[in-house]
Amino acid sequence: MTEHDERQGLFWDVLAGRVAPPPAAETLGWQLVAVDPEHGTIEVAFEASERFVNPAGVIQGGFLAAMLDDTLGPALVATLPEGRFAPTLDLHVQFLRPARPGPLTGHGRVVHRGREVCFLSGELTAPDGKTVAVATATARIQTLP
């Protein structure tokens, strides 16, 4: 039995195959690289499709923002017990350089976890290691309906 099979909660249920992955994550090509729930950190891989490009031939910013949201959120959700979730209240993204179609890596972390409100940050990097976008977010821990 792997760690993914032993842990409970929405994040872990998806990883263990007990629940289907969210369609948005599938669209973005989301794949877990590493997660450390004790430290509130995560690394994920994305595959930026040719379908994500703008007229200039680079990845449209909304897709980069979605990738960052799908990095920061799981960094927190991986720390939560079963029956809890943390929707994003706000997301601030700064685009630093163009991103091309292909692999991108997201690094996210929980900066501060309160009882309900949490602060997150992270970055999205290109295969050459250069940062293409950074983000901060606020999330609120809630009980799933």
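The structure is a predicted model. In an unreviewed entry, UniProt lists residues 57-132 as "domain: Thioesterase", and over these residues the chain is 22% helix and 43% strand, with the end C-alpha atoms 15 Å apart.

**Aromatic pairs**

- A search of the whole structure finds three aromatic pairs, and in one of them the ring centres of Phe-11 and Trp-30 lie 6.5 Å apart with their planes at 85 degrees, so this pair is edge-to-face.
- Phe-52 lies in the loop between β2 and α4 while Phe-63 is in helix α4, 11 residues apart, and their pair links distant parts of the chain.
- Phe-52 is buried with a relative accessible area of 2%, whereas Phe-63 is partly exposed at 28%.
- Ring pairs also join Phe-11, Trp-12 and Trp-30 into a cluster.

**Helix α4**

- The 17 residues of α4 should span 24 Å at 1.5 Å a residue, which agrees with the 24 Å that separates its end C-alpha atoms.
- Buried residues of α4 include Leu-64, Met-67, Leu-68, Leu-72 and Leu-76.
- At the start of α4, the backbone nitrogen of Gly-62 has a side-chain oxygen of Gln-60 within 2.7 Å.

**The β1–β2 hairpin**

- Strands β1 (residues 31-36) and β2 (residues 41-48) run antiparallel and are joined by five bridges, with Asp-36 standing opposite Thr-41 in β2.
- Four residues lie between the strands of this hairpin, in which Gly-40 takes a positive phi near 65 degrees.

**Surroundings of Thr-79**

- Thr-79 is placed in the loop between α4 (61-77) and β3 (84-85), and a polar atom of the Thr-79 side chain lies 2.6 Å from the backbone oxygen of Leu-76.
- The side chains of Thr-79 and Arg-113 make a polar contact at 2.9 Å.
- Leaving aside residues up to four places away in sequence, Thr-79 touches Pro-37, Gly-40 and Arg-113.

Methods:
Residues numbered from 1 in each chain as written. Predicted model: local features only at pLDDT ≥ 70, side-chain atom pairs only at ≥ 80, totals over all residues. Heavy atoms only, no water. Helix = DSSP H or I, 4+ residues; strand = E, 2+ residues; numbered from the N terminus. Polar contact = N/O pair within 3.5 Å; in protein donor to acceptor, adjacent residues only side chain to side chain. Contact = heavy atoms within 4.5 Å. Pairing = 2+ DSSP bridges. UniProt positions renumbered as here; feature names shortened; annotations may be inferred. Expected span 1.5 Å × (residues − 1). Buried < 20%, exposed > 50% of the residue type's maximum accessible area, 1.4 Å probe, protein only. Phe/Tyr/Trp six-rings, centres within 6.5 Å; stacked < 30°, edge-to-face > 60°.
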